[in-house]
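Hello,

Here is the structure I promised to pass on to you. Have a look at it first, and then read my notes below.

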Amino acid sequence: MTNKEPTSRFMRARCCLPVDATPVWLMRQAGRYMQEYRALRAKYSMLELIQTPELAAEVTLQPINAFDLDAAIIFADILPPLIGMGLKLEFVPGKGPVIHNPICNPEDIDQLGTPPAEEFLTPTLEAIKIVSAELEPRRIPLIGFAGAPFTLASYAIEGGGSKDYAKTKALMYSQPAAWGILMEKLVTVQADYLLKQAAAGAGALQVFDSWAGLALGKEAYNRYVAPYNTRLFEMLKPAGVPVINFSTGTSPYLEDVAACGGDVVGVDFRMPLGAAWEKIGFERAIQGNLDSMTLLAPWDELKTHIDRVLDEAAGRPGHIFNLGHGLHKTTPIDNVKRLVDYVHVTTER
Ligand code: CP3
């Protein structure tokens, strides 16, 4: 422990220390709603952007240079670690991610590798070095991230996005031993990747469990997911940086999600912040939770939703303003700018 208190708003809020204004960053803050991003995407594929450190660094900084954000998030995706494990990933324009050789049975799970991050993910680690060096003097923390085991397993088994997670749940319920091996392999790969992101300069880490809550109820979550998430958060402790535990659709059992670990709990838009905070305990920082789609409304309407989130946080230290999920690609730039400035001005202390 050092007796030096953190200075950035983000780092102070995550320790539940008082701040001069509420810190704000936005999931998917780099992306297609920005003209600068679309211009680069016209020349390079999604994977080319991620796998070229200078380009990934440039995209990461686009929203930082356009808005007064309190944290950056490295431009990458949760799915590339699956490439290293042996899966053939493609981002298909207009369709999203596709895995051409999805996992079908326990033998496929036995075949999966668990290579160290530097074998397949060096470009992202390099991009983190570039961006963290650039942002350190500006005292803006850079967030590294990875997918949680369930969310990654669902892509690996479904071969892409899914509405009902039928294949994933069929394997989980009927082959529990193989499911355990798959989840353990994912924990190994993700823990290694996240620890190396922190070593490369990420000042915080976010674990995205985007789909567990949409797929599973409380009992199944605690049996098939929680032990692995708990192990992952435990393995991240030596990183020495704050870890954000983000999930969606988990309101009915948010206390179980929070019990898995993480210094900050990310909350989706489905539950008021105050109620979420009561479930996880007020000594833990909370991140969220404006519905991203409110940014598609005119400013006067959007403002009422921002006010509600700020009212729910009740001016407590320990609130990091964010969305309940990622920014939509049709979001007007002006609404993003006004949102960030409005949160700062309204919460100035
Ligand atoms: O937040 C940020 O600014 C960092 C960048 C980031 C991306 N993906 C860039 C991206 C992050 C944190 C992610 C995480 C991610 N990726 C998640 C978890 C977060 C969440 O949204 O729940 C998931 C489930 C994925 C998988 C994924 N990647 C999907 C389903 C898609 C298609 C979505 C779509 O809108 O087309 C992607 C592609 C993707 N990842 C884009 C971006 C900017 C769009 C790529 C493009 O076509 O330019």
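Let's begin with the ligand: 23 residues surround it, and the closest are Arg28, Arg32, Tyr37, Ser210 and His325 (a residue counts as near if one of its heavy atoms lies within 4 Å). Please keep in mind that this is a predicted model, where local features need pLDDT of at least 70, side-chain atom pairs count only at pLDDT 80 or more, and totals for chains, interfaces and linings use all residues. Residues are numbered from 1 along each chain as its sequence is written, and side-chain values use heavy atoms, with hydrogens and water left out.

By class, this shell holds 16 nonpolar, three polar and four charged residues (Ala, Val, Leu, Ile, Met, Phe, Trp, Tyr, Cys and Pro count as nonpolar, Asp, Glu, Lys and Arg as charged, and the others, Gly among them, as polar).

Which side-chain atoms come close to a ligand oxygen? An N or O atom in the side chain of Tyr37 is 2.6 Å from an oxygen atom of the ligand, and one in the side chain of Arg41 is 2.7 Å from a ligand oxygen. A backbone N or O atom of Ala30 also lies 3.2 Å from an oxygen atom of the ligand.

Now for the salt bridges (a side-chain nitrogen of Lys or Arg within 4 Å of a carboxyl oxygen of Asp or Glu): the count comes to 15. One of them joins the side chains of Arg9 and Asp70, at 3.2 Å from N to O. Arg9 lies in helix 1 (residues 9-14) and Asp70 in the loop between helix 4 (53-66) and strand 1 (72-73), so the pair ties together parts that are 61 residues apart in sequence (helices, H or I with at least four residues, and strands, E with at least two, are DSSP runs numbered from the N terminus).

Enjoy exploring!

Methods:
Polar contact = N/O pair within 3.5 Å; in protein donor to acceptor, adjacent residues only side chain to side chain.
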